[in-house]
Amino acid sequence: VPIQGETPEPELVARIEALGDLPEGTLGWSLIDFYRRNDLETPGSRASVVNHLYIDHDMIHVIAGIEPTGEGEIALGAFQSAMDDTPTSTFAFLSALIVHEAGFTNLDNLTATEGTLSRPGAIRLMAEDLARGARCTADCSLVDHIGLAALPLAEVRERFGVEPPHDPHDGHHCW
């Protein structure tokens with residue numbers, strides 16, 4: 001689907017929402033569950049030049065088992081940066097810090113927060129997910145996520161060496 005920015009992308013929405021028809025426990029089904037569980041719109045529902053980026057970002061959330069809380073966004077950036085030290089992964093980490101620590105954004109409907117790392121447990125969460133990302137055996141961020149959608153999530157995690165979080169029930173993870 002070609003990238004747009006001026007209008008919503010109903011074809012993209014339909015393609016992503018169709019992943020919910022995959023068997024429970026697959027990566028694609030888990031992405032739709034992630035959107036439902038966190039009351040998130042499907043990318044493409046609104047006009048944005050970064051709808052396709054959101055899908056990849058959200059797939060990384062699902063594979064890593066990190067929820068989209070402010071602390072979780074920073075932890076995901078750390079996780080991604082530790083998987084592979086590339087400009088893309090560094091940008092992902094810095095973007096999370098800019099939005100959720102410094103409180104700057106003018107992109108779409110993102111809610112900026114300030115001082116997220118001063119919240120109880122936030123630094124520990126970031127450090128734990130940084131370490132989990134460093135232990136991955138391959139980078140799951142720059143892959144064909146839609147091509148992997150029909151695979152069981154457990155198999156996808158195993159393929160990239162993604163280990164479970166220390167506490168999968170801490171409110172910032174879903175494993």
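Set aside neighbours within four places in sequence, and Ile-16 is in contact with Leu-31, Ile-32, Tyr-35, Thr-42, Ile-55 and Ile-146; contact means heavy atoms within 4.5 Å. This is a predicted model, where local features need pLDDT of at least 70, side-chain atom pairs count only at pLDDT 80 or more, and totals for chains, interfaces and linings use all residues. Residues are numbered from 1 along each chain as its sequence is written, and side-chain values use heavy atoms, with hydrogens and water left out.

Now for the cores. A nonpolar core is a set of buried Ala, Val, Leu, Ile, Met, Phe, Trp, Tyr and Cys residues joined through side-chain atoms within 4.5 Å. Buried means under 20% relative accessible area, exposed over 50%, and partly exposed in between (1.4 Å probe, protein chains only). The largest nonpolar core has 26 residues, and Ile-16 is among those with the most contacts inside it. Helix α3 (51-64) is one of the elements giving two or more residues to this core, and α3 gives the most, with 6. Helices are DSSP runs (H or I, at least four residues), numbered from the N terminus.

Here are two other residues to look up:

Beyond four places in sequence, Ala-82 is in contact with Leu-130, Gly-133 and Ala-134. The side chains of His-172 and Thr-69 are joined by a polar contact of 2.8 Å. That term means a pair of N or O atoms within 3.5 Å; within protein, one must be able to donate a hydrogen and the other to accept it, and residues adjacent in sequence count only if both atoms are side-chain atoms.
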